[in-house]
Amino acid sequence: MAEIKLRQVRHSYLRDHRKEEDWALKELNAVWQDGTAYALLGPSGCGKTTLLNIISGLITPTEGRVLFDDRDVTDTPTGERHIAQVFQFPVVYDTMTVYDNLAFPLRNRGMDSARVSARVGEISRMLDLDSMLSQKAYGLTADGKQKISLGRGLVREDVNIIMFDEPLTVIDPHLKWQLRSKLKELHQRVGVTMIYVTHDQTEALTFADQVVVIYEGTVVQVGTPVELFEKPQHTFVGHFIGSPGMNLLPCSAADGATVFSGIPVQTTNAHKFKTNGRRMELGIRPEFIRFDNSGFEVEIVKVDDLGRYQLVETRRAENTIKMILAEGTSIPAERPRIAFDPKHTWLYADGWAVS
Ligand code: ADP
Ligand code: MG
């Protein structure tokens, strides 16, 4: 196992990369601590697979260095990095049995057959593959094949890191839950560093100790699920995480006062702040707004009763503001006024939380 560092890594698939948008990954400095479960979360095309391939060595970054325990491995081939990588779509040897597929990475490294058999047994039990060990892989469903792929990723004990690239895409929803909790359980048992790539916030937040949020080739925040919820450092984190995500409202900021729609608003992070022509937004999650007679007036557009909570959509001028209220909270019938919790109200300049 190893601590993995990316130092000023950038990658472009283009030979000519003078423009900002020519870079699939913009400058990236990151440390992946030994034994931690990470999720890499971001929309399709933001650079997640590129980043995994740089760590595994399938791609050499255009710029920057990759270090394992301070040893520079930027030019070390994949096979010598001791990494297991599970791809989005199954990679199995169709003509081999399930057993041989799982045994392959071990035999390849010269492990004796008694140890191979013990290890394959352990993994196949965990993934419920016991009953199909002697079957050839080609007859299996996509689910079955992906379970073998997962097994092949998990079977080696000598890896620095296990990386999963959206591994549950082809898996049936009911099995998804089961496999995700198995991966989590396995992480707790063996403690190897894992990076789990997904575009699904629920998957990321349930799997990871640390979530790395990536947007347009830039890591915008690394944090625990709670930190991402309570202290979003970028508007993307605010609106991508949460359901619904953070309200983002246009505002102005001058001399320490933030003004939204004619109302001075207190924020947790902006004090003496100058906008310097930047695009200013106020961010507040729906969970941190309440009805309050000392607040400002809004119009109620609609109320959805979602069982344990109510989702209330309000409007002030052309701005929509969503609130989440506990079930049973009464909603004023006339002249509703709302207030933002100042501890959870953030000021952003060009997308980034100001400091
Ligand atoms: P993700 O895994 O988050 O969906 P990728 O890392 O696959 O994103 O892609 C990041 C960006 O790089 C995208 O704009 C994608 O089109 C581009 N890209 C990915 N692979 C290649 C490639 N082999 N050649 C050229 N462009 C690529
Ligand atoms: Mg991808």
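**View 1. Y348 and A353 are bridge partners, the latter in strand 22.** This is a predicted model: local features need pLDDT of at least 70, side-chain atom pairs count only at pLDDT 80 or more, and totals for chains, interfaces and linings use all residues. Residues are numbered from 1 along each chain as its sequence is written, and side-chain values use heavy atoms, leaving out hydrogens and water. Strand 21 (residues 345-349) and strand 22 run antiparallel, joined by 2 bridges. Strands are DSSP runs of E, at least two residues, and helices are runs of H or I, at least four residues, numbered from the N terminus.

View 2. Two strands pair if DSSP finds at least two bridges between them.

**View 3. Helix 4 (residues 142-154) packs with helix 5 (residues 173-190).** The angle is about 5°, and the axes lie 13 Å apart. Axes are lines fitted to C-alpha atoms, for helices over the stretch in contact; angles run from 0 to 180 degrees between N-to-C directions. Helix 4 is therefore roughly parallel to helix 5 (angles under 35 degrees count as roughly parallel, over 145 as roughly antiparallel, 65 to 115 as roughly perpendicular and the rest as oblique). Helix 4 makes the contact through D143, K147, L150 and L154, and helix 5 through L175, L179, L183 and L186. Contact means heavy atoms within 4.5 Å. By class, 6 residues of this contact are nonpolar, none polar and 2 charged. Ala, Val, Leu, Ile, Met, Phe, Trp, Tyr, Cys and Pro count as nonpolar, Asp, Glu, Lys and Arg as charged, and the others, Gly among them, as polar.

**View 4. The largest pocket has a volume of about 510 Å³.** A pocket is an open set of points on a 1 Å grid over the protein atoms alone, where a 1.4 Å probe fits, with protein on both sides within 12 Å along at least five of seven lines; lining residues have an atom within 4 Å of a point. Volume is the space filled by probe spheres set on the points. Of the 19 lining residues, I83, A84, Q85, F87 and R152 are the closest to the centre. Strand 6 gives the largest share of the lining, 4 residues. The lining has 9 nonpolar, 7 polar and 3 charged residues.

Terms used. Chains are lettered from A and ligands numbered from 1 in the order in which they are written.
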